[in-house]
Amino acid sequence: MKRLNLWAAALLLMLCTSIAHAELTIEITQGSDQAIPIAIVPMEGGDALPEKVSRIIANDLERSGRFDPLPRESLISQPSSSDDVYYQDWQQLGSDYLVVGKVEQQNDQYRIQYELLNVNGEDRMLGEIVTSSPGQLREGAHYISNQIFEAITGIRGAFSTSIAYVRANGVGDNIKYTLNVADADGHNNQVILSSDEPILSPAWSPDGQKLAYVSFETGRSAIYVQNIATGQRVRLTSFEGINGAPAWSPDGRKLAMSLSKDGQPEIYVMDVASRDIKRLTHSEAIDTEPEWAPNGRSLIFTSDRSGNPQIYRYNLSSDQSQRITFTGSYNSRGRFSPDGDTIFMVTRDDQGFHIARQNLETDRMTILTDSNWDESPSVAPNGTMVIFATQEGTRGVLGLVSADGSASFRLPSPDGDVRSPAWSPFLD
Amino acid sequence: MQFKPYAQGLAVAVSLAVLAGCSSTGGTQDGSMDGTSGMGAGTGSGTASGQGMESGQGVSGSEMGDRNAIPEQRTIYFAFDRDTIRPEFEPILEAHAQYLKSHPNTQVVLEGHADERGTREYNLGLGERRAQAVEQYLNVEGVSSSQVEIVSYGEERPAVRGHNEKSYAQNRRVVFDY
């Protein structure tokens with residue numbers, strides 16, 4: 001009985017640690033000067049709630065880089081419905097938009113009524129009632145953020161998405177690695193895998209239910225696929241050599257990957273159901289980091305066949321590869337925008353490694369970050385933001401940059417080194 | 001990785017002892033660090049200090065202890081963006097080759113590593129290339145491939161953390177893991 005209690009205590013400690021495990025906070029490093037001023041009035045009745053809905057909405061909109069929520073202290077009045085709004089107050093404050101609302105408890109549910117108002121047009125754009133259980137309040141707030149974002153920008157909001165990432169704690173031979181999934185705002189962190197051996201390259205299945213990743217838990221790299229909700233997982237590859245860089249096809253049926261079993265890393269495509277693999281590349285070089293185009297007709301990948309890493313595009317009908325990056329001596333880890341017109345990548349210049357964007361039609365490259373240790377870009381499913389890994393001192397942290405480079409944020413982690421972020425598809 | 005000690009030919013034992021004397025641990029690493037700091041400027045690899053290598057320390061009492069021992073120096077280092085074996089490390093590789101040839105049932109994992117610069121998956125490839133260069137050297141020396149396995153950790157298991165050439169140089173390595 002004593003041993004059972006010890007086990008139970010250890011398990012509880014592990015669970016507590018994983019739940020309490022450092023949430024990622026958000027810091028602005030650079031605000032866009034084109035951010036839209038918006039006033040989000042605290043919801044009437046909102047103080048009684050376990051989660052502050054207006055604050056979540058304000059943080060969401062701010063983190064998108066496109067909105068500049070007015071500070072709470074500057075709010076002249078606190079109307080809770082459009083009937084109580086005196087538009088001139090808000091015009092004077094310079095706010096373009098106004099969000100007001102109220103929350104009521106009904107039995108064991110919360111009833112959130114909100115309205116989005118156009119300050120200059122002096123009219124109501126959106127009004128809705130959202131019902132939520134106490135445990136779903138954050139979800140409800142993110143839903144409202146999505147509605148507001150889309151009503152104003154015309155772009156679908158990505159506030160109900162998640163981020164997968166790897167955390168490493170410790171030094172030398174005593175590093176503990178965890179694979180984590182958190183809400184896009186850093187909350188509700190969940191550890192989905194713990195290991196004494198490295199974990200890297202998490203990749204979301206298109207249906208948002210599974211993560212493929214690389215784990216060294218068997219003593220060398222292998223590719224796994226794990227169902228996030230159930231924890232059930234399967235090891236898909238354990239070939240000799242490197243098993244790396246899994247990338248899901250848009251229909252979720254195939255995984256592209258980099259395998260070095262035939263001598264050096266090459267791009268292969270595996271049919272997930274049958275486990276059949278087909279080899280795509282045949283160079284003596286390192287070919288890795290594949291990524292499918294949104295239309296599924298081509299893949300981009302990194303190859304150093306020209307001497308240094310550059311990005312190539314493999315056409316699945318012609319089975320031909322073509323180099324697509326020509327600026328600078330190191331370009332790798334390409335990721336498509338959702339519309340397939342742009343790729344985001346890691347590029348190196350004299351200062352270091354940055355996140356860059358290249359228009360596929362014009363081949364014009366724009367560097368988006370001025371930090372020097374940037375890697376692992378992953379694009380939001382609405383194409384507006386890129387999350388990436390970077391360094392603060394020798395500490396690994398995540399960064400966010402808007403696709404046009406105008407706004408950037410840091411997500412400092414109070415605990416360990418954070419790296420290899422992957423933005424989920426739309427989950428709502 | 002088990003090894004079965006058994007009687008050695010005298011010539012093999014002597015060469016092992018001499019090589020053991022050549023492989024002083026700390027000295028070699030420091031020497032190679034100085035050598036690599038010139039890498040960016042293209043000064044080449046010949047400047048590594050001969051501290052442990054040619055100092056003529058010969059055989060010290062403690063190193064003579066076990067002639068069947070796995071060579072002490074188990075890490076070799078590489079220049080930036082390179083997977084070529086540097087001359088100052090050849091004696092170490094020869095020692096391991098001798099050891100492996102005389103212990104044909106012994107297996108070793110060559111762990112390949114890269115410095116932190118660049119992307120993680122690409123760095124898995126760089127680490128592997130370095131380990132492959134070591135394996136090739138061992139093969140040329142007569143070691144059977146069946147005794148050697150390669151695992152690349154890329155930048156995932158740094159020996160040292162830091163955004164400077166000194167740290168990078170200590171991370172670009174292949175480790176013999178018996």
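**Notes on the predicted model**

1. In this predicted model, the centres of domain 1 of chain A and domain 2 of chain A, taken over C-alpha atoms, are 35 Å apart. Domain 1 covers residues 34-153 of chain A, and domain 2 covers 162-423.

2. The contact between these domains of chain A involves seven residues of domain 1 and nine residues of domain 2. On the domain 1 side, helix H2 (residues 53-63) of chain A gives the largest share, three residues. That side holds four polar and three charged residues, with no nonpolar residue.

3. Between the chains, 27 residues of chain A are in contact with 18 residues of chain B. On the chain B side, helix H4 (120-140) and strand E3 (148-154) each contribute at least two residues. The largest share, six residues, belongs to H4(B). By class, the chain B side comprises seven charged, six polar and five nonpolar residues.

4. Two residues deserve a check of their backbone angles. Most residues other than glycine have a negative phi. Ser201(A), however, has a positive phi near 55°, and Arg275(A) has a positive phi of about 65°.

5. The surroundings of these two residues should be read together with their angles. Ser201(A) lies in strand E10 (residues 199-204) of chain A and counts as buried because it has 27 C-beta neighbours inside 10 Å. Arg275(A) sits in the loop between strand E16 (266-271) and strand E17 (277-279) of chain A; with 10 C-beta neighbours inside 10 Å, Arg275(A) counts as exposed.

Methods
Residues numbered from 1 in each chain as written. Chains lettered and ligands numbered in written order. Predicted model: local features only at pLDDT ≥ 70, side-chain atom pairs only at ≥ 80, totals over all residues. Domains from an automatic or database assignment. Contact = placed C-beta atoms within 7 Å. Helix = DSSP H or I, 4+ residues; strand = E, 2+ residues; numbered from the N terminus. Nonpolar A, V, L, I, M, F, W, Y, C, P; charged D, E, K, R; others polar. Buried ≥ 20, exposed ≤ 12 C-beta atoms within 10 Å, placed from the backbone.
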